[in-house]
Amino acid sequence: MYWLSFKKKQEEQVTGLILPGGGARNAYQVGVLKAIADMLPEDAENPFPVICGTSSGALNAVLLASSATRFQEGVDRLWGIWANFHIGKVFKVDGWTALVSAWRWMTTFALGALVKKQPASVLDNSPLRELLERHIRFARIQHAIDSGALRAVSVTASGYTSGTSVAFYQGVSDLVPWLRTRRRGQPTELTLNHLMASSAIPVLFPAVKLRNEFFGDGSMRQTAPLSPALHMGANRLLIIGVRNKQLDFPPENEQQIRYPTIGHISGYIFDSLFMDSLDADIERMRRINHTVTESRDKRIEYNDTALRQIDYLVISPSADVREIVEKYVGNFPRSVRILLKGIGALTREGRPLMSYLMFDSQFCKELMELGYQDGMAAREQILHLLGRDDLVDEEAAG
């Protein structure tokens, strides 16, 4: 499924790539990127001068940015990582670790303030840190910027003390930091800690200290996920979402209504955390575009900002990811299945939560294939957004 809005080309094209969070669902983004790589020539330059990622989307963003001088190779590396994922590469799943974690949390709830050191998180995600350390060369980001292959990359995290959404960005020298209500852009040299902070799902994964504050998952306070790309100079956006747009409705028979389990509620929270702000920001951009096109100068001055129309394309799953994950429930390690069953997440209502945690190669491969198909289905729109109408014309002529 895709939505789009295009205007006539009036200025130099700077395309921004938006990769929101979604846990294991972010494998879908890799499939779309693979489709884009296949529709471009093998020697094509990086088509996304600006790349923005949040939560697990930040992992895709930074790896892609570090390979900006070799776009095709970077996409292939992403595909290889997700195709070989398993839950043990994200967090520890052995029985002893699960038992110790459960004991610590039960003790904390039972004794409260008497416990001197409270547990930092339910899960230990140190395997993810080790995986990223092996696959991402952060020094290559600056090399890509210096070579002109990349304008900027950002990773968003949420400050637990300040309550601020911070887009940590690394880019060309003429970028200007920004400050808005409870969100700001801060120039920095990106590190592994920024990635771990951005993907630190509250309670599940431990917060990460960056200078003088602890940070957690970037989706928590990110009320305007499209904003960093625009501040960093993008005037066109490709947004790869990870939620099918089909709406859910309550059952017609009131007798079928069951009280929501913890797993059901957790999935609802994750959906709100990762998805709702993106949908709201896209809707806001659509309204601004309409307002700008109705103005005489096609431009509106607002405080210190000039509002202008933004070209954009949104690609999201054409199939319901929650239906797909049901086929792979048995692939969860036994310790994880016990935990999910205990909170009622192995039911139909718990599928949203399962889809965020299913870091399983088979599930990820199916999502990547879906992303690839959806990307190819939007080939003409994608190439038009990227300013490669010549490739569309070549195919039509052939």
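K34 pairs up with D76 in a salt bridge, and the closest N and O atoms sit 3.0 Å apart. At 41% relative accessibility, D76 counts as partly exposed. Keep in mind that this is a predicted model.

In total, the structure holds 11 salt bridges. The general idea is simple enough: side chains of opposite charge can pair when their charged atoms come close.

## A buried pair between strands

Next up is R236, which forms a salt bridge with D311; here the closest N and O atoms are 3.0 Å apart. R236 lies in strand β10 (residues 236-240) and D311 in strand β13 (residues 311-315), so the bridge ties together parts that are 75 residues apart in sequence. Buried or exposed? R236 is buried, and D311 is buried too.

On accessibility, R243 is buried with a relative accessible area of 17%, whereas D279 comes out as partly exposed at 24%.

Some bridges share partners, and in that way K34, D38 and D76 are joined into one network.

## Around R25

R25 is in the loop between β2 (15-19) and α1. Why does R25 count as buried? Its relative accessibility is 3%, and the cut-off for buried is under 20%, so R25 falls on the buried side.

What does R25 touch, leaving aside its neighbours within four places in sequence? The contacts are V242, R243, D271, M275, V321, R322, P352, S355, Y356 and L367. As for R322, its C-alpha is 9.9 Å from that of R25, although the two residues are 297 apart in sequence.

The R25 side chain reaches the backbone oxygen of V242 at 3.3 Å. With S355, the R25 side chain makes a side-chain to side-chain polar contact of 2.9 Å.

Conventions. Residues are numbered from 1 along each chain as its sequence is written. This is a predicted model: local features need pLDDT of at least 70, side-chain atom pairs count only at pLDDT 80 or more; totals for chains, interfaces and linings use all residues. Side-chain values use heavy atoms; hydrogens and water are left out. A salt bridge is a side-chain nitrogen of Lys or Arg within 4 Å of a carboxyl oxygen of Asp or Glu. Buried means under 20% relative accessible area, exposed over 50%, partly exposed in between (1.4 Å probe, protein chains only). Helices (H or I, at least four residues) and strands (E, at least two) are DSSP runs, numbered from the N terminus. Contact means heavy atoms within 4.5 Å. A polar contact is a pair of N or O atoms within 3.5 Å; within protein, one must be able to donate a hydrogen and the other to accept it, and residues adjacent in sequence count only if both atoms are side-chain atoms.
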